[in-house]
Amino acid sequence: MTSFKDEVLSRRTFAIISHPDAGKTTLTEQLLLFGGAIRAAGTVKGKKTGKFATSDWMEIEKQRGISVTSSVMQFEYAGKRVNILDTPGHQDFSEDTYRTLMAVDSAVMIIDAAKGIEAQTIKLFKVCRMRGIPIFTFINKLDRQGKTPLELLAELEEVLGIESYPMNWPIGMGKEFLGIYDRYHHRIEQFRVEEDDRFLPLNENGELDGNYGIKENTLYDQAIEEIMLLDEAGNEFSEENIANGTLTPVFFGSALTNFGVQTFLETYLQFAPSPQPRKADVGEIEPTSEEFSGFVFKIQANMNPAHRDRIAFVRICSGKFERGMNVTLSRTGKQMKLSQSTQFLADDRSTVDAAVSGDIIGLYDTGTYQIGDTITSGKNLIHFEKLPQFTPELFVRVSAKNVMKQKSFHKGINQLVQEGAIQLYRTYRTEDYILGAVGQLQFEVFEHRMKNEYNSDVIMESIGSKIPRWIDEDQVDESLSSSRSLLVKDRYDKPLFLFENDFALRWFSDKHPEIKLSNPME
């Protein structure tokens with residue numbers, strides 16, 4: 001029997017971050033393939049073959065070829081238990097991604113070699129940087145023509161302000177891609193050759209001995225020159241700097257052709273951190289402490305269309321989870337028995353009887369949990385640090401197309417709102433429903449899911465972008481509500497105004513200085 005401490009130390013929990021289309025889902029698939037979790041990797045655009053990526057389970061994801069929810073996948077490799085959190089690539093779902101990044105101990109950043117560092121990558125990188133979590137970089141699509149490796153490194157350092165250390169280096173690119181020079185393992189890994197010829201050992205001088213075809217190619221000489229330049233002028237390798245997130249190890253490869261992925265995985269597992277202490281209101285909680293604790297970072301409705309269920313995803317921060325154990329929900333002080341629990345490989349799930357710090361488990365939820373909730377088995381109630389929330393920018397009025405289907409309409413809205421991708425507001429007198437979101441795609445996903453999962457067609461009427469500001473309940477005056485400053489209640493019945501624009505907000509503040517306007521997201 002391995003000890004509890006050894007089990008915790010074997011965990012590696014990470015999220016993959018990238019701009020849409022950089023190859024995130026493809027890399028996830030290849031990693032699962034190595035973990036023996038799937039037999040053949042699918043790619044997102046699987047329409048012709050009918051084979052879709054394992055981590056994209058929602059209908060709309062299959063149709064559009066994007067990931068809009070964070071799946072959780074687990075597998076074992078080389079004595080380590082790996083938890084991958086696949087995050088939505090689309091920018092309208094960045095809120096979900098930010099919360100997912102609160103549940104991991106490291107991040108893998110994928111960069112498209114042709115496009116370099118893109119807008120979404122910069123945003124997500126900043127969150128990782130804020131939390132000081134280690135970042136590992138995989139530069140993808142080397143089998144296509146792209147920017148030069150030195151250009152990509154310079155971009156990493158200039159745009160993201162992080163030092164880099166290439167663990168390997170490409171020999172050629174695109175149609176002339178021959179393989180990678182593996183600095184860390186002192187070998188050359190050849191592209192598209194027989195398995196026996198894949199790895200060629202390097203001598204003490206970092207060069208090939210013997211007669212190998214690759215040596216005849218000028219691209220090999222160029223790579224050797226660039227390696228010498230890196231050895232002399234590049235950053236030093238430092239485990240300490242990797243751990244504190246100021247140096248990123250860089251790997252080159254091609255997820256689609258599964259080249260360089262295994263080398264990446266093995267090296268990543270060596271340097272990635274095991275579960276880290278977590279900040280709570282009582283100080284830091286150590287992952288190896290005995291008492292069980294965790295927090296809900298995501299709620300997902302209808303992962304199984306046959307049973308209208310909801311799953312609360314919990315990151316375990318300390319102690320051991322055992323099915324049937326009693327815990328307390330810190331927000332309400334209510335005691336609960338955790339009898340229905342699950343672990344995932346996309347939509348394939350199995351009941352989980354035990355899990356430890358670093359693992360992600362799903363708890364069946366009947367409406368008990370909220371995003372950010374802490375659960376603990378200890379006598380003292382603790383609260384982990386708050387998860388980031390975003391103020392919506394776009395708003396729509398929403399109503400049921402069929403008045404006879406009000407019940408399924410209300411049920412659908414309430415469940416989907418609890419997932420946190422859309423916010424719900426109600427007008428004061430008429431109780432009209434207004435939805436707010438960070439981006440347009442969230443409304444489309446909402447409409448699609450209402451129809452397919454709750455059999456409820458909805459009518460959505462855009463009311464444009466608004467600026468929400470909350471007020472104290474004793475300052476509610478319905479006569480101040482107008483089209484330019486609409487008075488509504490949020491889902492917790494707290495009053496707020498939706499202002500038409502900055503001008504309307506300033507005009508209102510000048511006219512009613514006694515009303516204190518606040519933005520809790522700041």
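User: What does contact mean here, and which residues is valine 296 in contact with, leaving aside its neighbours within four places in sequence?

Analyst: Contact means heavy atoms within 4.5 Å. With neighbours up to four places off set aside, valine 296 is in contact with Ala312, Phe313, Val314, Tyr369, Gln370, Ile371, Gly372, Asp373 and Leu387. Keep in mind that this is a predicted model, where local features need pLDDT of at least 70, side-chain atom pairs count only at pLDDT 80 or more, and totals for chains, interfaces and linings use all residues. Residues are numbered from 1 along each chain as its sequence is written, and side-chain values use heavy atoms, with hydrogens and water left out.

User: Where is valine 296 placed, and is valine 296 buried or exposed?

Analyst: Buried means under 20% relative accessible area, exposed over 50%, and partly exposed in between, using a 1.4 Å probe and protein chains only. Valine 296 is buried, at 0%. Its place is in strand β14 (residues 293–301); strands (E, at least two residues) and helices (H or I, at least four) are DSSP runs, numbered from the N terminus.

User: How do I read a pair of aromatic rings?

Analyst: You describe such a pair by the distance of the centres and the angle of the planes. Rings of Phe, Tyr and Trp (its six-membered ring) pair if their centres lie within 6.5 Å; planes under 30 degrees apart count as stacked, over 60 as edge-to-face and the rest as tilted. This structure holds 21 aromatic pairs. One of them joins tyrosine 184 and phenylalanine 237, tilted, with 6.5 Å between centres and 40 degrees between planes. Tyrosine 184 lies in the loop between β8 (179–182) and β9 (187–190) and phenylalanine 237 in the loop between α7 (218–233) and α8 (239–243), so the pair ties together parts 53 residues apart in sequence. Tyrosine 184 is partly exposed at 26%, and phenylalanine 237 is partly exposed at 30%.

User: Which residues do ring pairs link into a cluster?

Analyst: Phe14, Phe136, Phe138, Phe251, Phe264 and Tyr268.

User: Which charged residues lie over a ring, and over which ring?

Analyst: A charge sits over a ring if NZ of Lys or CZ of Arg is within 6 Å of the ring centre and within 35 degrees of the ring normal. Arginine 187 does this over phenylalanine 199, 4.0 Å from the ring centre. Lysine 489 has its charged end over tyrosine 428, 5.0 Å from the centre of that ring.

User: How do strands β17 and β18 run, and how many bridges join them?

Analyst: Two strands pair if DSSP finds at least two bridges between them. Here, β17 (residues 325–329) and β18 (residues 334–338) run antiparallel and are joined by five bridges. Methionine 325 has leucine 338 as its bridge partner in β18. The hairpin has four residues between the strands, and glycine 333 takes a positive phi near 75 degrees.

User: What about leucine 230: where does it lie, and what does it touch?

Analyst: Leucine 230 lies in helix α7 and is buried at 8%. Not counting residues up to four places away in sequence, leucine 230 touches Leu153, Pro166, Trp169 and Arg183. The C-alpha atoms of leucine 230 and tryptophan 169 are separated by 9.9 Å, while the two residues are 61 apart along the chain.
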